[in-house]
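User: Could you take a close look at one buried side of this model for me, and show how that part is set into the rest of the chain?

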Amino acid sequence: FFMKLFSTPPVLSGKKNKKRKKLLKAQRKALKRADHPFESDKAADCRGVVLSNRAYLSVLSEVYSRDPLETGGIFFGNVKNGVWYVAEASDPGVYTLHTRAHHEMDNNYHNHIYPVLSRLYQHGLCLLGLWHRHPGSLDTFSSDDGRTNHSFAEVIGNGAVSMLVNLDPTARLTCYYLSKNG
């Protein structure tokens with residue numbers, strides 16, 4: 001629950017007011033969501049996927065914290081020369097659902113965390129796709145997974161990377177690429 005404290009900034013007088021207006025203008029410019037596009041103009045069909053150590057550990061941390069339930073998150077990064085570099089992997093968010101056969105992520109959380117993480121990188125980040133854990137040894141997509149992957153590929157505009165994480169019988173990550181045409 002968030003309470004709105006001000007609808008407009010408090011008014012200051014003289015030089016302080018001018019400094020405040022200048023600071024607020026600079027902050028608004030830095031926080032524009034347009035600076036964090038969903039797609040990378042440089043993105044091409046995927047020739048490979050590279051996970052940063054941070055992304056890899058984020059995925060494993062979430063998977064083991066929810067064991068034995070299904071969970072997932074979003075991939076953020078950049079594309080260069082057809083290689084999709086995953087810099088960040090999110091958790092599913094705050095308001096989520098986890099069962100042995102299904103999970104639902106918190107879209108509001110991801111809309112918030114995307115520009116927050118992107119500001120940490122010199123060239124920003126792009127939405128690259130998603131990951132999720134299937135309990136047991138199922139390492140193929142369900143029909144729900146297929147629809148989700150397709151919608152991500154459409155939204156991103158360049159296709160999407162989708163990774164399945166399994167722990168049984170041995171731990172493994174299986175990465176797929178879905179082109180923008182399906």
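**A helix and its neighbours**

Analyst: Happy to. The protein chain exposes about 11500 Å², of which carbon and sulfur atoms supply 56% (accessible areas come from the Shrake-Rupley method with a 1.4 Å probe, and for residues only the protein chains shown count as cover). Please keep in mind that this is a predicted model, in which local features need pLDDT of at least 70 and side-chain atom pairs count only at pLDDT 80 or more, while totals for chains, interfaces and linings use all residues. Residues are numbered from 1 along each chain as its sequence is written, and side-chain values use heavy atoms, with hydrogens and water left out.

The protein chain has four helices and eight strands, where helices (H or I, at least four residues) and strands (E, at least two) are DSSP runs numbered from the N terminus. Their order along the sequence is α-β-α-β-β-β-β-α-β-α-β-β. Of its 182 residues, 36% are buried, meaning under 20% relative accessible area, with exposed meaning over 50% and partly exposed in between (1.4 Å probe, protein chains only).

Let's settle on helix α2. It runs over residues 53–66, and its 14 residues should span 20 Å at 1.5 Å a residue, which agrees with the 20 Å between its end C-alpha atoms; the expected span is 1.5 Å times one less than the number of residues. Ala55, Val59, Glu62 and Val63 are the buried residues of α2. Viewed down the axis of α2, they fall within an arc of 100 degrees, so they line one face of the helix; the arc is that of the directions from the helix axis to the C-beta atoms. Turned away from that buried side is a face with the exposed residues Asn53, Leu57 and Ser65.

What do the buried residues of α2 pack against? Their partners are β1 (48–51), β2 (71–80), β3 (83–89), β4 (97–98), β6 and β7 (160–166), with contact meaning heavy atoms within 4.5 Å.

At 3% relative accessibility, His132 counts as buried. Leaving aside residues up to four places away in sequence, His132 touches several residues, among them Thr71, His103, Phe141 and Met163. The side chain of His132 also makes a polar contact with the side chain of Asp145, at 3.3 Å (a pair of N or O atoms within 3.5 Å; within protein, one must be able to donate a hydrogen and the other to accept it, and residues adjacent in sequence count only if both atoms are side-chain atoms).
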